[in-house]
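Subject: The structure we talked about

Hi there,

Here is the structure, ready for you to open alongside this note. Have a look at it first, and then read on.

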Amino acid sequence: MEEQRKKRIYSGIQPSGIITLGNYFGAVKNWVELQEDYDCLFCIVDMHALTVRQVPADLRKNSLSLVAMYLACGLDPEKNIIYIQSHVPAHAELNWILNTFTYMGELNRMTQFKEKSQRHAENINAGLFTYPCLMASDILLYQTDLVPVGEDQRQHIELTRDLAVRFNNIYGDVFKVPEGFIPKAGARIMSLQEPTKKMSKSAEDANSYISMLDDPRNIVNKIKRAVTDSEAVVRFDPENKPGISNLMNIYSCITGKDHSAIEAEFASQGYGAFKSTVGEALAESVSAIQVKYNQLMNDKGYLEKLISENADKAAYIASKTLSKVKKKVGFLPK
C-alpha cells in the first residue's frame, strides 16, 4: 500500500530587521511543532522586503541572520527546506503570470496595502500594491496544503485561493487550493506599551517590543515596564485588561499553561510578582535560543552551504509547477 504524502506547509518571514517575540510565538515556535507531521518549506522572503527601501549590506546580513534564527529556534534542516526566496527565480516568473490573473479591485481592497501606504507615503510603489500576487506565487509554486499565518494575512490567503481556483477553472487542475492555518495560541502577541496593537519592530518605542536578540536583563526590564491596569488582578480579559492578557499569553506560550492555570498560580499575588516571573521565564527561554544563534552565526560557511543546497531543493519542486503553468498559458518550451 502506497504511503500517504504528508500535507505540505509553506511560510516565511521578511529579513527586514530584528525578529520580535511576536514573530517567534506567532510563527516560528509553531513551525517547530508542525515540522514533525508535515512536509515543510520555510522561506526568507527577501523579495517581499524590497517594497520598503533596504540597505543592501543590511539585507544580506539580515537574511543570513534569519536562517540562523530559524535553526536556533528549533527548525531541523534535515526535516525542512529552509531557503532564500530570491535564490529561486520561479517566484518572480509565476508572480508575473499571476499578476495577469489578478484584478485591480482585488488589490485595492487589501487592508495591508492601505496601512503600509500610510506608513510609507513617500514610497508607495507598484511592488507594495502587487505584494499579494508574489505571496500567492510563493504558496502556489509548492502545491501547498496549509499556510500558517497571522490574522492580518487572512485576506492574502483568500486572494491566493481565489487565484488558484480562477486559474484551475480556465486550465484544469494546476494548483492545489491552499488553506490558511491560524494557530489558536500565541498567534497574536501585542505591543507591551500599546496592548491593543500588534507587537511590531517598526514601533518608535523600543519598550513596546522584544527582540529575540535583546539582552536577557533588558527583556526582564521591558516586561516590568509593560502597560497593565490598576486592578492588580491577574485575569484573562482581552477587552478590559489587554495589557495583562497579553502578558498571560506570553507566559502561556513559554510554559504551556492555560489562562485558568495562570490565574490560579497568581491568584493572591499582584502584578509585580507576575511580571517578574514572566520576565525571568522569558529571558531564560530567549537566552537558550541566543546561544545556539551565536554558534551558528560563527559558522557562516555552514549556513551558506545549507541555503545553497536548499535553494536547489526548492527550485526542483517549484520548476514542476512553473513548467505546467507555462505550458497551460501557451509559452513555447525552451
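This is a predicted model: local features need pLDDT of at least 70, side-chain atom pairs count only at pLDDT 80 or more; totals for chains, interfaces and linings use all residues.

Residues are numbered from 1 along each chain as its sequence is written, and side-chain values use heavy atoms, with hydrogens and water left out.

Let me begin with the strands (helices and strands are DSSP runs numbered from the N terminus, H or I of at least four residues for helices and E of at least two for strands). Strand β1 (residues 8-13) has 5 of its 6 residues buried, so the rest of the structure largely encloses it; buried means under 20% relative accessible area, exposed over 50%, and partly exposed in between, with a 1.4 Å probe and protein chains only. Its partner is strand β2 (residues 39-44), paired with β1 in the parallel sense over 6 bridges (DSSP must find at least two bridges for strands to pair). Within this pairing, Ser-11 stands opposite Phe-42 in β2. From β1 the chain passes through helix α1 (residues 21-34) to β2, a right-handed β-α-β crossover, that is, with the strands pointing away from the viewer, the path from the first strand over the helix to the second runs clockwise.

A cavity here is a set of points on a 1 Å grid over the protein atoms alone where a 1.4 Å probe fits but cannot get out, and lining residues have an atom within 4 Å of a point. Helix α7 (126-141) and helix α6 (111-119) each give two or more residues to the lining of the largest cavity, and α7 gives the most, with 4. Among the lining residues are Phe-113, Lys-116, Tyr-131 and His-156.

Asn-95 lies in helix α4 (residues 90-99) and is buried, at 15% relative accessible area. Its side chain reaches the backbone nitrogen of Leu-134 at 3.2 Å. Glu-151 sits in the loop between β4 (146-148) and α8 (154-171) and is partly exposed, at 44%.

Notes. On a 1 Å grid over the protein atoms alone, a cavity is a set of points where a 1.4 Å probe fits but cannot get out, and a pocket is an open set with protein on both sides within 12 Å along at least five of seven lines; lining residues have an atom within 4 Å of a point. A polar contact is a pair of N or O atoms within 3.5 Å; within protein, one must be able to donate a hydrogen and the other to accept it, and residues adjacent in sequence count only if both atoms are side-chain atoms.
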